[in-house]
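Below are my notes on the two-chain model you sent.

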Amino acid sequence: MQILLLEDDPEIGDWIQCGLKRSGQVVDWFSNGREALIAATTSDYDVVILDRMVPELDGLSVLKTMRSARIETPVLFLTALGDVEDRVEGLEAGADDYLAKPFAFSELEARVAALGRRANRKLTTDAVSLSSKDIHLDLLKQKCTRRGVAVDLNTKEFRLLEAFMRSKGRILTRNMLLEKVWGLNFDPTTSVVETHVSRLRSKIEKPFGDQVIKTVRGTGYLFEG
Amino acid sequence: MSSLRQTIGLLVCLLALQLLGAMAASTIIHVEFSNQIKDELSKRFKVVASEVEMNGFRPEDFPSYRGEVVFFQADETSAATAPEGIFEVRGAIEDDLWEENKLFGTNPDWDDWYFFVGEAAGSVLVIGTNLAYSSLFSGLIPNVFIAVGVCISVIALAIGFAMSRRAQNKLDRMSTVLAEIGRGNLHQRVALSTDRDDLDDLAQDIDNTLEHLEVLFNQTKNLAVNIAHDLKTPLARLRLRLENALLDTDPDIVAQNVELALKQADHVIAVFEAFLRIARLETGTAKKRFADVDLVAVAKEIASTFAPVVEDAGYGFELRINGRARIKGDAVLLTQMLSNLIENAIRHTDPGTVISVVVDYAGVGVADTGKGIPDDAYEQVVKPSVRLDASRTKPGAGLGLALVKSIADAHEATLELTENPWSEERGLFVFARFREVWTT
């Protein structure tokens, strides 16, 4: 993937660039908003990562200008810790996702992968059903079957499985699941995600004797269907 | 000494007014007296003239009495040329005049006269009346006024001084206390008497403000100390892990140490996150995103999310819907509030405890069947970073309930801490009672 990174802190910028390059991405790193905006409007990127506070033109203005120029490249907005207003402002200005600093690299990596345009193109957001190998989800009737056998899932488990199936082959972090499934932008210290994933596994894996949801240590989960 | 200055200023004004009054009164009295004297002089002239007409002028008919002289000039030429009417003569009448005209029984030292000159029996009749009495009287008026004014001034000054001393003492007390506060002695209070005058009210207001300030100041101080404490431990562990990782050569142990270091770093971030959220909430910007929220829906959502978590941890879970209410608020913040309360219940009670999410027509809350907390701790636990286990052995940043309180405050809800009313155990019930609810 071609990724544009706007980050003025040399240490964090270098850390993100090196990390993303290691996982096979091409990263153009800019440390000032004006140059990043020129690059974003003249080159074709798959994902744009914008930091809020940068010299010359701040991340929010870059994002707004991009959107008003009808550049619909997915944007990941980096915000300050605990700054709810920043996040809301970012999303309202057209960001597709946000991440509060400081963050774990695996979190950034997973979110960038989820935003990746090529991956997103395969997604049919208005689908009425999802199928993956032997698991079938009827989104209208909220019914799940595996190998033709009905699996009784409650609302949360159903939405969890749906989130996994929509992100097949890509890592979903705990925070991403909290946002997608529960709509929570805070991290409850109790093991909400772990508990619900474990219950889902006991229904979707145990009776069928195999594993479809892989735990990625220290990061999150991977649905392999 | 501003109040004494005011008293003196007022007194000077009063004295000036009194002086003006005295002058006016003296003038009016003088004019009135003159008119009256002139009237009486005219009447007297008529009486004397008619007697002279009848009996001729006999001095013994007009025995002198204080203040009146009568003399008669039996001379027709004079009578023809003499002016008629009332004349005012200032100063003493010259001695020779008295001699020549055989004036009698009069004291020539009496000054200021009115003379009525007129014709009687073909000659000139003159009657004079002395003005000394009236002058004396109208001269007395200003003196009386001045004497009264001086008396009033002295008394008023004394009272004013006493009163200003009282006021000044109060003001001095206030400025002393405020100076002390400025030096950091926040426990000082003005504490005036209970006369309930304006200054006492002001002092009471100052005391209330100081009380509030001291509480806030101590909270901030405690918060800073507690946060420093809460951060010191994970930071020390973080440093230890990194040092271990640096010293070890076994890649497995290095990885393990780094992973533990990350966990400590995450803990530090979580403390900051909670702290920042509280700070943000207290600025009141959350209100901008408030929308219609069904508390029952929030409670059900919480139940579906947390029931498995609570049950897996070995606790009981129940949802009590005792009423239905809608409010203006932020569903995510309310979810965080309830999840914090549930987490607190798990953290501070033993497995086997039943945790209930309660919603009724007035608000929403969480109850547990644990040991509860002492009555006097109800107020205290909602302060930031207050943990009842002073040893701090159990995990938790101590910001959980403070965040709950901030969220309740942002929603203009009051946080009520009581015993669990549905349990035989003492338990704890934390309830957010909203100021404005719609029950339809």
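1. Of the 225 residues of chain A, 35% count as buried; a residue is buried if 20 or more other C-beta atoms lie within 10 Å of its own, exposed if 12 or fewer, and partly exposed in between, with C-beta atoms placed from the backbone. In chain B, 28% of the 440 residues count as buried.

2. The model is predicted: local features need pLDDT of at least 70 and side-chain atom pairs count only at pLDDT 80 or more, while totals for chains, interfaces and linings use all residues. Residues are numbered from 1 along each chain as its sequence is written, and chains are lettered from A and ligands numbered from 1 in the order in which they are written.

3. Chain A has nine helices and twelve strands, and chain B has nine helices and eleven strands. Helices (H or I, at least four residues) and strands (E, at least two) are DSSP runs, numbered from the N terminus. Among contacts between residues at least 6 apart in sequence, 57% in chain A join residues at least 24 apart; the figure for chain B is 68%. Two residues are in contact if their C-beta atoms, placed from the backbone, lie within 7 Å.

4. Chain A contains an open sheet of three strands in the order 10-12-11, with antiparallel pairing. Strand 10 (171-173) and strand 11 (213-216) of chain A are at the edges with a single partner strand each, so one side of each has no neighbour in the sheet. The twist averages 30 degrees from one strand to the next; angles run from 0 to 180 degrees between N-to-C directions, and axes are lines fitted to C-alpha atoms, for helices over the stretch in contact.

5. Three bridges join strand 10 of chain A to strand 12 (residues 220-223) of chain A in the antiparallel sense; strands pair if DSSP finds at least two bridges between them. Thr173(A) stands opposite Gly220(A) of strand 12. Helix 5 (residues 105-115) of chain A packs on this sheet and touches strand 10 and strand 12 of chain A, its direction making about 125 degrees with that of strand 10. Helix 7 of chain A also packs there, touching strand 10, strand 11 and strand 12 of chain A, at about 70 degrees to the direction of strand 12.

6. The contact between the chains takes 23 residues from chain A and 20 residues from chain B. On the side of chain A that touches chain B, helix 4 (84-92), helix 7 (155-166) and helix 9 (192-204) of chain A are the elements giving two or more residues. Helix 9 of chain A gives the most, with four residues.

7. In chain B, the 50 residues of helix 5 (residues 198-247) should span 74 Å at 1.5 Å a residue, and the end C-alpha atoms are 72 Å apart, which agrees. The expected span is 1.5 Å times one less than the number of residues. The buried residues of helix 5 of chain B are Leu199(B), Ala203(B), Asp230(B), Pro234(B), Leu238(B) and Arg241(B).

8. Ala261(B) lies in helix 6 (residues 251-282) of chain B and counts as buried because it has 20 C-beta neighbours inside 10 Å. Leaving aside residues up to four places away in sequence, Ala261(B) touches Leu238(B), Arg241(B), Leu242(B) and Ala245(B).
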